[in-house]
Amino acid sequence: MIKMRDIIREGNHTLRAEAKPVKFPLSEADQKLARNMMEYLENSQDPELVKKYGLRAGVGLAAPQVDVSEQMAAVLVPSENEDDEPVFKDVIINPVIISHSVQPGALTEGEGCLSVDRDISGYVIRHDRITLRYYNMAGEQKKIRLKNYPAIVCQHEIDHLHGILFYDHINEANPFAADDDLVLIS
Ligand code: CO
């Protein structure tokens, strides 16, 4: 299983590299990686396992964060009511944002990252709504529309596949600068 020590931190060059597209059918190694990344997210959302293994909670984990420079990321956005199905749960492979709203969106509380061991405040300006095309582990092409929080999470993860970290999107001079049309997501 993936633990915090397996997750590389900012400063490691893999986090700034352009990841390679993944080939289908998935190799054994890629299948295992995909399963392990999703397992990390599941474990990290279980308070007992968080304590037991010293995990940091996460809703997304990209392959470059475990030092594999491939275009693959696990996303697990839980529902507010834990008995309900997750809002979004899949391993997104070779994902592409094929269209997006002009309207920007950002999390009110800013963002964090399992590869960044410090708090960096400010609005991480992204698109409020996206249409995402990706392949799942079975090699099926998916096209989905996401808005608000799950859209932000997917954009954060897709950035990892292109060497971008969340704070690259923060306005350095004025971290809480917001255009009138910015959707603030709590
Ligand atoms: Co991250």
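Is Arg-9 buried, exposed or partly exposed? Arg-9 is partly exposed, with a relative accessible area of 26%; buried means under 20% relative accessible area, exposed over 50%, and partly exposed in between (1.4 Å probe, protein chains only). The structure is a predicted model, in which local features need pLDDT of at least 70 and side-chain atom pairs count only at pLDDT 80 or more, while totals for chains, interfaces and linings use all residues. Residues are numbered from 1 along each chain as its sequence is written, and side-chain values use heavy atoms, with hydrogens and water left out.

**View 1. The whole chain comprises three helices and eight strands.** Helices (H or I, at least four residues) and strands (E, at least two) are DSSP runs, numbered from the N terminus. Along the sequence, these elements follow the pattern α-α-β-β-β-β-β-β-β-α-β. The C-alpha atoms fill a box of roughly 50 × 40 × 35 Å, taken along the principal axes. Of the 186 residues, 46% count as buried. Residues 24 or more positions apart provide 71% of the contacts with a separation of 6 or more, where contact means heavy atoms within 4.5 Å.

**View 2. The cobalt ion is coordinated by Cys-113 (SG), His-156 (NE2) and His-160 (NE2).** Donors are N, O and S atoms within 2.8 Å of the metal (3.2 Å for Na, K and Ca); water is not among the atoms, so sites may look incomplete. In sequence, the donor residues are spaced C-x42-H-x3-H. Cys-113 lies in the loop between strand 4 (104–107) and strand 5 (126–127), and His-160 in helix 3 (residues 148–160), so this pair ties together parts that are 47 residues apart in sequence. Cys-113 is buried, with a relative accessible area of 4%, and His-160 is likewise buried, at 2%.

View 3. A salt bridge is a side-chain nitrogen of Lys or Arg within 4 Å of a carboxyl oxygen of Asp or Glu. Asp-117 and Arg-9 meet at 2.8 Å, N to O. This pair links distant parts of the chain, with Asp-117 in the loop between strand 4 and strand 5 and Arg-9 in the segment before helix 1 (28–44), 108 residues apart. Arg-56 and Asp-117 form a further salt bridge at 3.9 Å, N to O. Arg-56 lies in the loop between helix 2 (47–53) and strand 1 (60–62), so its pairing with Asp-117 ties together parts that are 61 residues apart in sequence. Asp-117 is exposed, with a relative accessible area of 53%, whereas Arg-56 is partly exposed, at 32%.

**View 4. Arg-16 and Asp-168 meet in a salt bridge of 2.7 Å, N to O.** Arg-16 belongs to the segment before helix 1 and Asp-168 to the loop between helix 3 and strand 8 (183–185), so the pair ties together parts that are 152 residues apart in sequence. Both side chains belong to partly exposed residues: Arg-16 has a relative accessible area of 41%, and Asp-168 has 39%. A search of the whole structure finds eight salt bridges.

**View 5. The buried residues of helix 1 pack against helix 2, strand 1, strand 2 (72–77) and strand 3 (88–100).** Among these buried residues are Leu-33, Met-37, Tyr-40 and Leu-41. Helix 1 has 17 residues and reaches 24 Å from its first C-alpha to its last.

Notes:
Expected span 1.5 Å × (residues − 1).
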